[in-house]
Every structure is written in C-alpha cells, then in structure tokens.
Amino acid sequence: MYDWIGVITKQQHRWEKVARICSWFPKSMMLLLCKCLGTVWFLASRRGLGARIQKNLTELLSERSEKKLRGYRLSYFHNLVITLYELWIETYRLKETAAWRFQVEGEEHLEEALLLGHGAIVYAPHVGNFFYYYWYLCQRYSCLTIVTSGSEELQPMYYRFRDLGCYGLDYDATPPLELVRKLRNHLAANGVVFILGDFYRPTFPLSRFFGKTTRTPEGAASLGIDYQVPIIPFHGYRKKGFTHMLSFEQPLHLYASFQRTQRAEATKVLNRYMESVIREYPEHWFYWFNAEERWEDESNKASKEDHHSKVKRTKKIETQKEFSA
C-alpha cells in the first residue's frame, strides 16, 4: 500500500498545476474518475493486496456475508483513491470549500468539555479522511496531534498539512518524556489533542482489539486519568462524494472510573469504541491492507502460559512435599 502511495507523493511538485486543471471540471466528473481508478486498482490487485484485504475483512467481520465483504473491498479502493485525490488536489482549495465539505454533529460535547479548563482529547480511529478532520479541528481550536515519520511515503502529506497550520509531534523523533511534557502543557493551556488510537507499534503494551491480542498505545488513557482530561470519542466518514460527516460523542471521564494502575483496562474501553466505528463503517478504515500484522500469536502465548502454569504447579507440589517431610 505504501508503495502505491509513494508513487503519488514523489510527484509532489506537479500537483499544484494538476489541481488548477482539475478545478475546471465539475465535482461529479472528478468523483466518477476517482471511482473508475479505484475499480481498476481493485481489479489489478485481486491476488495480492486485494486478497490480503479480503482475508482481513473475512477474519474480523466473519458474521457478514461474502457479498457484503466484496462490496466493502471495492468501496475501500474507491474511498482510498478519492481520499488521495482530496489530499493532493482538493487541499489547494480546502478553506473555500469547507462550508459544504463538512457536516458536523455533536461538537457541543467538545465545547462543553473545554469549559472544565483541562483541555480535551479527541479520540478516533483511522477512518475516513483523518487528515481533513484534523485540519477542521485546527481551524476552530488550539489543536495538536501525534504523527509518525516511520513511513517516508506519508511524510509529504504531513508536510502539506503542516504548511496549512496543522502541526504535530513526531512520535518517532520526539523523546518520550518530551512528548508527554508537550502534550501535558498543551492540555493544561486548555488545548485540544487529536489522537488516532489504532496506531500500531510492536513495542506498545498488550491489549485487546476485535477480540484479538494486539498492542495499542496507552497515551490517551494515561493523559485522561493522570490529568483529569475528558476524552471525546470521535469519528468521521465520507457521507457522499466529497462531503464528510464529523461526529463528536459525549465525553468519557476515565479518571472517574479508573486508577492510574488501570490504564490497560481504560485503553480497552477506547479500543471497543474504535472497533464499533470500524464495524459500522468498514469500507472507511485505512488499515485493512495490513491489519494482520498487528495480531499477537495466540498459540505461542497460550504455550507460554501453559508452561508458566506447569512451573507454578511443580513448585507448589515440591513445596507440599517439603512440608509433608
């Protein structure tokens, strides 16, 4: 997937000229073109990328029919191409099109949370055009996010949005203590932090997602509990064409239900929210192309646990024998 994106991002110097040309054509025509390109991509990758996406869809959404899963896969490619078009073409006129591009519900939940004076965390999965959603937040609030420079193919997109005033802390380049300090200070100034919670690293703490063992960041739960920051569950998705629905939900006050030692349990609450969004809008989740990489080997884990249990039982028996003697 990143290779495909890299082909586009390497041509960065040409996109402003292309954007001017595309502006001459009706939106309906450009939308049709994007869907045609998405269909071609779908057909061209049936044995490689497409097969992997289908396998992940089947594994995580096993209760859905095969017909629905195929439809999700086709729509996934459509949405991917449309999103890339938005990122590389439509961003040149994003400000003047924002009025019709975004439909918003529940934003009063975020505004009310900020009245507490502890800042707020807007928490979302990688669903829809999350770059656009961060841009929207940056236009209305003092907002900060966490990005990753791990993929060179995505870096030009981060730079593009940085030039639009959307700044982010680089997870890979910022020392952990400095990262926490900057986020804490931003929240203390009643700022908003936009966190995409399904970000994955094999070094993250163990957790559960889609009923599987995986590793997810605990940063949002830690900040929410340690500094009494309300967390606003959020998701956006493509409603129709180039129009997006942005939905803010009632805040979660994790500090009222969890102690600092219960960050893992609090993170599972957030994971369940993200899973519910992905199940509702499966064709909009970005990570279908490599979801299989994030699951822990359950059989290996089970064997380790069995070995640990056997060792404990052996020690217990030996201890009982010593006492009997």
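This is a dialogue on how to read a predicted model of one protein.

Student: What should I know before reading any values?

Tutor: The model is predicted, so local features need pLDDT of at least 70 and side-chain atom pairs count only at pLDDT 80 or more, while totals for chains, interfaces and linings use all residues. Residues are numbered from 1 along each chain as its sequence is written, and side-chain values use heavy atoms, with hydrogens and water left out.

Student: How many helices and strands does the protein have?

Tutor: Helices (H or I, at least four residues) and strands (E, at least two) are DSSP runs, numbered from the N terminus. The protein has 13 helices and nine strands.

Student: How much of the protein is made up of buried residues?

Tutor: Buried means under 20% relative accessible area, exposed means over 50%, and partly exposed is in between, with a 1.4 Å probe and protein chains only. Of the 325 residues in the protein, 50% are buried. Accessible areas come from the Shrake-Rupley method with a 1.4 Å probe, and for residues only the protein chains shown count as cover. The protein exposes about 17,000 Å², of which carbon and sulfur atoms supply 54%.

Student: Which residues make a nonpolar surface patch?

Tutor: Patches take residues with over 30% relative accessible area and no salt bridge; like charges are joined within 9 Å, and nonpolar side chains (Val, Leu, Ile, Met, Phe, Trp, Tyr) within 5 Å. Here Trp24, Phe25 and Met29 make a nonpolar patch of about 380 Å². Trp24 sits in the loop between α2 (15–22) and α3 (27–44), and counts as exposed at 67% relative accessibility.

Student: How is helix α8 placed, and which of its residues are buried?

Tutor: Helix α8 (residues 130–140) has nine of its eleven residues buried, so it is largely enclosed by the rest of the structure. The buried ones are Phe130, Phe131, Tyr132, Tyr133, Tyr134, Trp135, Tyr136, Leu137 and Cys138.

Student: What is Tyr132 in contact with?

Tutor: Contact means heavy atoms within 4.5 Å. Leaving aside neighbours within four places in sequence, Tyr132 touches residues including Glu86, Glu90, Thr91, Arg101, Phe161 and His244. Tyr132 and Thr91 are 41 residues apart in sequence, with their C-alpha atoms 8.7 Å apart in space. Tyr132 counts as buried, at 0% relative accessibility. For the protein, residues 24 or more positions apart account for 76% of the contacts with a separation of 6 or more.

Student: How do I read aromatic pairs?

Tutor: A pair of aromatic rings is described by the distance of the centres and the angle of the planes. Rings of Phe, Tyr and Trp (its six-membered ring) pair if their centres lie within 6.5 Å; planes under 30 degrees apart count as stacked, over 60 as edge-to-face and the rest as tilted. The structure holds 26 aromatic pairs. One of them is the stacked pair of Tyr134 and Phe194, at 5.8 Å centre to centre and 10° between the planes. Tyr134 lies in helix α8 and Phe194 in strand β5 (residues 192–196), so this pair ties together parts 60 residues apart in sequence.

Student: Which kind of pair do Phe194 and Phe234 form?

Tutor: Phe194 and Phe234 form an edge-to-face pair, at 6.2 Å centre to centre and 80° between the planes. Phe234 lies in strand β8 and Phe194 in strand β5, so the pair ties together parts 40 residues apart in sequence. Phe194 counts as buried at 1% relative accessibility, and Phe234 counts as buried at 1% too.

Student: How many salt bridges are there?

Tutor: A salt bridge is a side-chain nitrogen of Lys or Arg within 4 Å of a carboxyl oxygen of Asp or Glu. By this rule the count is 18. Glu86 forms a salt bridge with Arg101, their closest N and O atoms being 3.9 Å apart. This pair links Glu86 in helix α5 (residues 66–88) to Arg101 in helix α6 (residues 94–101), 15 residues apart. Both Glu86 and Arg101 are buried.

Student: Which residue does Asp226 meet in a salt bridge of 2.8 Å?

Tutor: The side chain of Asp226 meets that of Arg263, N to O, at that 2.8 Å distance. Asp226 is in helix α11 and Arg263 in helix α12, 37 residues apart. Asp226 is buried, with a relative accessible area of 17%, whereas Arg263 is partly exposed at 27%.
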